[in-house]
Amino acid sequence: MASSSSPSLSSYSPCAACKFLRRKCQAECVFAPYFPPDQPQKFANVHKIFGASNVTKLLNELQPHQREDAINSLAYEADMRLRDPVYGCVGVISLLQHQLLQLQVDLSCAKSELSKYQNLGGIASTTGHGLLAAAHQHNLGFNLIGGGGGGRDHDQQSYHHQFFPRDQQ
């Protein structure tokens, strides 16, 4: 008779790895905690890219508390490698780094624009005119998208978002 702590044969389902490999899932199966029966594609991808024996070796070399992170990393890398066989997850990382750099440049430009208008606001308030009147008088534009300022050297109509569009003359 089976002990009360082990699942009965009728309610026990083998892990996704053992199902895929068509073998009996033992109680000490190294894959069972990380490849549940309801996620067969996760193991299929990892197996296709890394091989079951390599994953077994890797898991056996790691401490138990490191295994879940390792499997999640392998599963992500396998998924990305199948989507992009050349670059894998490195392509995604490169794209995200590029986006981060572009956002940093955009933020720097926005801070520069804000600084200009904060300084302009101080000058305009001393003369009794508002910021809008001062900006209109100096034909200054303020853009939220694009690089650089909004002075006379830039084509103001090329920016989509402007607080102070240039007068059409």
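This is a predicted model: local features need pLDDT of at least 70, side-chain atom pairs count only at pLDDT 80 or more; totals for chains, interfaces and linings use all residues.
**View 1. Aromatic cluster of Phe20, Phe31, Phe35 and Phe43.** Ring pairs join these four phenylalanines, Phe20, Phe31, Phe35 and Phe43, into a cluster. The structure holds four aromatic pairs. In the pair formed by Phe20 and Phe43, the ring centres lie 5.6 Å apart and the planes stand at 70 degrees, so the arrangement is edge-to-face. This pair connects distant parts of the chain, with Phe20 in helix H1 (residues 16-21) and Phe43 in helix H2 (residues 40-50), 23 residues apart. Phe20 has a relative accessibility of 40% and therefore counts as partly exposed. Phe43 has a relative accessible area of 0% and is buried.

View 2. When neighbours within four places in sequence are left aside, the residues in contact with Asn45 are Ala78, Asp79 and Leu82.

**View 3. Nonpolar surface patch of Val86, Tyr87 and Val90.** Together, Val86, Tyr87 and Val90 have about 330 Å² of accessible area. Tyr87 sits in the loop between helix H4 (64-83) and helix H5 (89-127). With a relative accessibility of 52%, Tyr87 counts as exposed, since the class begins over 50%.

Note on methods. Residues are numbered from 1 along each chain as its sequence is written. Side-chain values use heavy atoms; hydrogens and water are left out. Patches are made of residues with over 30% relative accessible area and no salt bridge: like charges are joined within 9 Å, nonpolar side chains (Val, Leu, Ile, Met, Phe, Trp, Tyr) within 5 Å. Accessible areas come from the Shrake-Rupley method with a 1.4 Å probe; for residues, only the protein chains shown count as cover. A salt bridge is a side-chain nitrogen of Lys or Arg within 4 Å of a carboxyl oxygen of Asp or Glu. Helices (H or I, at least four residues) and strands (E, at least two) are DSSP runs, numbered from the N terminus. Buried means under 20% relative accessible area, exposed over 50%, partly exposed in between (1.4 Å probe, protein chains only). Rings of Phe, Tyr and Trp (its six-membered ring) pair if their centres lie within 6.5 Å; planes under 30 degrees apart count as stacked, over 60 as edge-to-face and the rest as tilted. Contact means heavy atoms within 4.5 Å.
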